[in-house]
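Please look over the following model, and let us then work through some of its local features by question and answer.

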Amino acid sequence: MVELNYQRGAIYILENSKAQRVKVGMTTNDVVDRLRSVNDMWLGQKVTCQICGARVFINDRGFAPKHVKDGRNCKGGDALPLEKDVALAESHLENLKKSLGELSGSEKGSVTRKVRNLEGRIEPYRNRDKPVGTWQIGTIFHTEKIEQVELLSHKILADRLDRKALFGEVFSCSLQEATEAVEAALSQLELLDSARKETQLQSKRGVYLKYLEYQEPEKKSANYECAMCGTQWEGVEPGVNSCPKCETHLYRRFLAYV
C-alpha cells in the first residue's frame with residue numbers, strides 16, 4: 001500500500017489554450033520552475049534520449065548530448081532525440097527482444113521490463129503532431145496534503161486524460177473544468193476553506209519570457225567513415241548516419257562536408 005505524505009505545497013493548473021490542454025500537478029517548489037520545465041519539454045529544448053529515456057537539454061546541433069547512464073556512456077548520446085526520430089530507439093528495442101531468447105531468470109526479467117518501458121516510451125512519438133502554443137500558469141491552490149489532492153483531482157478528470165501526451169497529468173479540458181475538479185477534490189478532503197487560490201501569477205511576477213520556437217538545424221551533406229569496417233559513405237549532418245554495412249551509427253566518424 002502506498003503511503004501518502006501530508007506536506008504542504010501547491011496544486012497548479014497550467015494551460016495551453018492553443019492546444020486546448022491543461023496540466024494538473026503538484027510541487028513544493030516555485031510553480032514558475034515547473035512552468036519553465038514544461039515549456040522546455042513542449043518546445044523541444046529539453047528532449048528525450050532514444051536509448052535510456054533521460055531528459056536532457058538539446059545541444060546546438062539538435063542532438064541529445066553525450067551522457068552517462070548506469071555508469072556507462074549511453075548509446076543515445078550524440079544522436080537525434082525521440083522528439084525528432086525513433087529509428088535508433090526501434091533498433092535498440094529489436095535488439096533487446098532478440099536477446100530475450102538467450103536470457104533467463106532475473107536477467108531476463110530485467111530486459112523484459114526494459115522492452116516494455118521502451119515500447120511505451122516510443123509509442124507517443126510515432127506520427128505525432130508538432131506541438132502548438134505555449135503553457136501558461138492558470139490557477140494555483142496553496143494547500144496541505146498535496147499528494148491526496150492531486151490524486152483525487154486526476155481521478156475526477158480521468159475520462160479527459162490525454163493518453164498521447166509526452167508528459168504526465170495532461171487533460172483535454174478547459175481551465176475552468178480543471179479548476180472545478182481541483183476544488184471538488186479539496187472539498188472532499190475538507191481543505192477548500194483553508195486553501196489559498198491564486199490566479200494569473202504571471203502578472204504578479206512580471207511577464208514570463210516566451211520561448212522561441214525550436215528551429216530545425218540546417219542539414220549539410222557530409223562524408224563519413226566506419227571505424228569498425230572502414231566503409232565510407234555520404235550522409236547528412238546533423239543526422240544519425242548509420243554505416244550501410246554495419247547498419248549502426250555507433251562507429252561512424254565524420255570526415256568532411258561535401
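Q: Is Gly-230 in this predicted model buried, partly exposed or exposed?
A: In this predicted model, Gly-230 lies in the loop between β10 (220-226) and β11 (232-237). A residue is buried under 20% relative accessible area and exposed over 50%. Because the relative accessibility of Gly-230 is 41%, Gly-230 counts as partly exposed.

Q: How far apart in space are Gly-230 and Cys-243, C-alpha to C-alpha?
A: Gly-230 belongs to the loop between β10 and β11. Along the sequence, Gly-230 and Cys-243 are separated by 13 residues, and in space their C-alpha atoms are separated by 9.5 Å.

Q: What arc around the axis do the buried residues of α5 cover?
A: Leu-175, Ala-178, Thr-179, Ala-181, Val-182, Ala-185 and Leu-186 are buried in α5. They lie on the same side of α5, because they cover an arc of only 160 degrees.

Q: Which exposed residues does the face of α5 turned away from its buried side carry?
A: The buried residues of α5 pack against β1 (9-16), β2 (21-27), β7 (136-143), α4 (146-156) and β9 (196-199). On the face turned away from that buried side, the exposed residues are Gln-176 and Gln-188.

How values were computed:
Residues are numbered from 1 along each chain as its sequence is written. This is a predicted model: local features need pLDDT of at least 70, side-chain atom pairs count only at pLDDT 80 or more; totals for chains, interfaces and linings use all residues. Side-chain values use heavy atoms; hydrogens and water are left out. Buried means under 20% relative accessible area, exposed over 50%, partly exposed in between (1.4 Å probe, protein chains only). Helices (H or I, at least four residues) and strands (E, at least two) are DSSP runs, numbered from the N terminus. The arc is that of the directions from the helix axis to the C-beta atoms. Contact means heavy atoms within 4.5 Å.
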